[in-house]
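Work through the exercises below with the sequence and the 3D view at hand. Try each task before reading its solution.

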Amino acid sequence: MTRRTTRRPLAVVAAALAATTAVALASVPASAAAPSPASGAPAWSVAAAAGPAQAAGAWSPRPEQYPTTTTERDLAIPMSDGTVLRGNLMRPVDAAGRVETRRLPVVVTITAYNKNVQDQAGGLGGGDGSYLVKRGYLQLTVDARGTGSSAGTWCAFCSREGKDFGEVMTWAAKQSWSNGSTAMRGPSYMGIAQMFAAADRPAGLKAIFPQVPGADVYRDVVASGGALDVGFIPLWIGLVNGTAIIPPYLSATDPAGGLGTLVTHLLGNGAFSLDLLVSALGGGEPAYDGAFYTQRSPIEVVSRITTPTFLVAGEYDLFQRGTPLLYENLQRRGVPTKMIVGPWDHLQASGGQGLESAGYGNLGELQLRWFDHYVKKLPNQRLSDIAGLSYFEQGSGRWVRGTEWMPSSLTPRTFRLSGTARTAGSAGGLTTGTPTAGRTTVPAIPVQGLCSRSTNQWTAGVVGLVMPDLPCFTNNQFNDTLGPVFETAPLTSDVVVHGPLNARLYTSTPTGDGMLSVTVSDVAPDGTVSRLTGGWQVVSHRALDTTRSRYVRGTLVQPHHPFTKQAQAPLAAGTVAPVDVEVFPTRARLAKGHRLRVSVQGFDVPHLLPTLGSLLPSLAPMTVHTGPQHPSALTFGTP
């Protein structure tokens, strides 16, 4: 047993874990993308944020009970198939140096990024565990199967790994140092693990606090729009495998066991990862949606969750699309749940950076408040002071409050693309009136997207960590010169966007395929182009499943495409067809005098690339058609 006080993370380790945390991805919704309820009282009301001062006046965190902590390393946690996972247990220590031996509630984090490395990661691992331990909790951090010091082979949220999560929670509740009540916390991979564990309904689990969890692995991050993610996924797999081959901590006391674990990680994890990447790039089974992703997507099990859940999401996050769908399912079923969506990328949201700006306190304080209410049953946590949904509104810089993710009070708003736009030349129009007929060439330039906030978003915030002041992240003006844009005249009144958007583009292509990369932006009077959100769609994957698509009062705002090999169909030469591009959700207010802009390009680098077999067809220019006969348009819900 080693006693230590909490240390600030070393810069190098923090940067490594930053990317590691980024790895914690994989998920997007499908079943949750159902039409909004047609009736019911509006649950969304817009209000300016009260600010941290008001929240602090209503509730303040209780003080530390213990001045320091101690950590027991590599506890053996047996699984039902005989595989042994390993966990570190952090316990409180009193002022006299005595370890607290009373039974206490246990907060569990399950990670794929090596718990011993994560100990040095501070906020990047989802907050400092000692904050809760010093207030009367235990913190158990567990290496997922095939990672860190745990035995077995990593399988990236396969069904066996999902079963592990529930079994870990059952084990934790039964230990001699546990009072039988448990909770979970952590971002990204650790957040997804919480969803699977809660769906297993282990006895004793009282609350979870997942930050930036995914919902539908395929659509959220692996293959947005049917193209393969080559920005985050290779980084993620590399980090999981990289931290898995650090010699296990137990090697010092059990050399044979440590060596065996290390060899298993080297051989098994490497084979799994290599096969997966090669098959996907080659157009094999992992390039399409199906059973492989179904078993790895929390959206498939969220309906089983009854555990109180506090979600943190980012508008520039890898799971920008998925996290709100998890909230929507829980909230509609009456599960106690909250969600804060802020202007954060994956690393920022993982560490809780800026979370206090929502007005409810910082990450540690929110976790304490949530767990004290549901785990310790302490009075006066005033959770009713926290809105069900707190959403940062781009443009106005305000926080708005509500309850429903997509309330029935929303109305559809449509802006039609009009006329012809020319790359690096004149813009096409974007109008609520009758559009002008036109034909716009969309060139496929393999550097499109590189100088944009998309680069930072789809590398999980790692690029922004290294180059935080890159102008491309705050002004999309240069990237927009690489393709055609359509924009409104200066707005005569504010326009508010809430939730997902649909860009229906009537498209033709000489090769039968290509990818439409759509960016929605706010253009200020001084010419600054603020990227609000984006979406992508491979033309051959344009088949639409209307039963799983989302509509606002009968108008499509979130298309659902099957992304199966059976549904894939090249577009015949000379044929013009509507292609619905799912543009990921946001909340934004475009002020009077600003312009709404839609840009269309053929690549989004380094985010997405086609499979090898589709690469050459994707290099040809496409044509977007506009006008009364080809009503290309952007549609979204507005309060």
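**Exercise 1.** Find which helices and strands each supply at least two residues of the lining of the largest pocket.

*Solution.* Step 1: helices (H or I, at least four residues) and strands (E, at least two) are DSSP runs, numbered from the N terminus. Step 2: a pocket is defined on a 1 Å grid over the protein atoms alone, as an open set of points where a 1.4 Å probe fits, with protein on both sides within 12 Å along at least five of seven lines; lining residues have an atom within 4 Å of a point. Step 3: the elements that each supply at least two lining residues are α12 (346-351), α14 (453-457), α15 (462-466) and β20 (529-538).

The model is predicted, so local features need pLDDT of at least 70 and side-chain atom pairs count only at pLDDT 80 or more, while totals for chains, interfaces and linings use all residues. Residues are numbered from 1 along each chain as its sequence is written, and side-chain values use heavy atoms, with hydrogens and water left out.

**Exercise 2.** State how many residues line the largest pocket and how they divide into nonpolar, polar and charged.

*Solution.* Step 1: the lining has 29 residues, and Y316, P343, D345, Q348 and R453 lie nearest the centre of the pocket. Step 2: Ala, Val, Leu, Ile, Met, Phe, Trp, Tyr, Cys and Pro count as nonpolar, Asp, Glu, Lys and Arg as charged, and the others, Gly among them, as polar. Step 3: this gives 11 nonpolar, 13 polar and five charged residues.

**Exercise 3.** List the disulfides and say whether C451 and C472 are buried or exposed.

*Solution.* Step 1: a disulfide is a pair of cysteine sulfur atoms within 2.5 Å, and the whole structure has two. Step 2: one joins C155 to C158, with S to S 1.9 Å; the other joins C451 to C472, with S to S 1.6 Å. Step 3: C451 is in the loop between β16 (438-442) and α14, and C472 is in the loop between α15 and α16 (477-480), 21 residues apart. Step 4: buried means under 20% relative accessible area, exposed over 50%, partly exposed in between (1.4 Å probe, protein chains only). C451 has 18% relative accessibility, so C451 counts as buried; C472 has 13%, so C472 also counts as buried. Step 5: the torsion about the S-S bond of C451 and C472 is about -60°, so this disulfide is left-handed.
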